[in-house]
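Student: I have a structure to read and some questions about it. Can we go through them one at a time?

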Amino acid sequence: LHRVNLDAHRLADALRGNIWVRSFAPFLMRISDEDCHAYFHALAENQGLVKLDLLRVRISDENWDVLWRSVSRHPKLEIIDVRHANLGLPFGQKTSRAHAIVDALRVNTVLHTIRLRRHKYDLEILDNMVQPRLLVNLYKPRFAAIAAIAEERRTWQRKILGRALAFVSRNPSPNPIWMMVSGNVNVICGHTPQA
């Protein structure tokens with residue numbers, strides 16, 4: 001479904017529940033608000049899209065809100081391009097559109113790239129609220145992998161520490177036990193205590 005121009009309602013129906021289509025880029029410079037509305041509602045029920053390219057689609061304020069409500073619930077969408085051709089947005093509109101993105105990112109933990117024309121949005125909201133959330137979404141899978149490795153390592157460290165404690169406990173002096181325990185608090189507790 002890349003760069004197609006079919007009946008909008010049939011295409012929207014095809015997007016609903018679809019798990020196979022990974023990229024969607026409607027090449028529709030003159031798409032009607034009604035068709036846009038149908039696509040964006042269908043997006044909420046889509047299960048497979050990873051990339052959504054709306055570069056050539058003009059989006060009204062109402063449909064902008066529908067789009068981001070649908071994006072907020074999408075389970076796999078990672079990249080969205082909304083560098084559409086809307087010109088000369090007033091500041092209030094720039095702010096409300098940026099807030100719609102923020103609201104979607106409060107729920108969506110998968111989306112990590114939004115391509116847009118920065119001058120069309122409230123830059124303070126983009127820099128302070130949107131960009132940090134996108135970065136968290138981008139790096140979240142990496143942190144989960146690191147945490148799994150760290151947990152595996154801590155389990156291994158605990159086993160070695162247990163053997164070492166058993167060995168030093170045979171020594172009548174308490175100093176080796178204290179040194180072992182105090183030097184390995186992060187292994188025992190799972191984190192490094194704050195000073």
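Student: At what angle do the axes of helix H3 and helix H4 cross?
Tutor: Keep in mind that this is a predicted model. Helix H3 covers residues 61–72, and helix H4 covers residues 91–107. Their axes come within 8 Å and cross at roughly 15°.

Student: Is H3 roughly parallel or roughly antiparallel to H4?
Tutor: The crossing angle is roughly 15°. Angles under 35 degrees count as roughly parallel. That makes H3, relative to H4, roughly parallel.

Student: Which residues of H4 make the contact with H3?
Tutor: H3 passes H4 in a right-handed crossing. From H3, the contact uses Asp61, Trp64, Asp65, Trp68 and Ser72. From H4 come Gln93, Arg97, Ala100, Ile101, Ala104 and Val107.

Student: How many nonpolar residues does the contact of H3 with H4 have?
Tutor: Sort the contact residues by class. There are 2 polar and 3 charged residues. The nonpolar ones number 6.

Student: Is Asp81 buried or exposed?
Tutor: Asp81 is found in strand S3, residues 79–81. Beyond four places away in sequence, Asp81 touches Leu52, Asp53, Leu54, Leu55 and Arg115. Its relative accessible area is 4%. Under 20% counts as buried, so Asp81 is buried.

Student: What kind of aromatic pair do Phe24 and Tyr39 form?
Tutor: Phe24 lies in strand S1 and Tyr39 in helix H2, 15 residues apart. Their ring centres are 5.7 Å apart, and the planes stand at 75°. Planes over 60 degrees apart count as edge-to-face. So the pair is edge-to-face.

How values were computed. Residues are numbered from 1 along each chain as its sequence is written. This is a predicted model: local features need pLDDT of at least 70, side-chain atom pairs count only at pLDDT 80 or more; totals for chains, interfaces and linings use all residues. Side-chain values use heavy atoms; hydrogens and water are left out. Axes are lines fitted to C-alpha atoms, for helices over the stretch in contact, and angles run from 0 to 180 degrees between N-to-C directions. Helices (H or I, at least four residues) and strands (E, at least two) are DSSP runs, numbered from the N terminus. Angles under 35 degrees count as roughly parallel, over 145 as roughly antiparallel, 65 to 115 as roughly perpendicular and the rest as oblique. A crossing is left-handed if the near helix is turned anticlockwise from the far one by less than a right angle, and right-handed if clockwise. Contact means heavy atoms within 4.5 Å. Ala, Val, Leu, Ile, Met, Phe, Trp, Tyr, Cys and Pro count as nonpolar, Asp, Glu, Lys and Arg as charged, and the others, Gly among them, as polar. Buried means under 20% relative accessible area, exposed over 50%, partly exposed in between (1.4 Å probe, protein chains only). Rings of Phe, Tyr and Trp (its six-membered ring) pair if their centres lie within 6.5 Å; planes under 30 degrees apart count as stacked, over 60 as edge-to-face and the rest as tilted.
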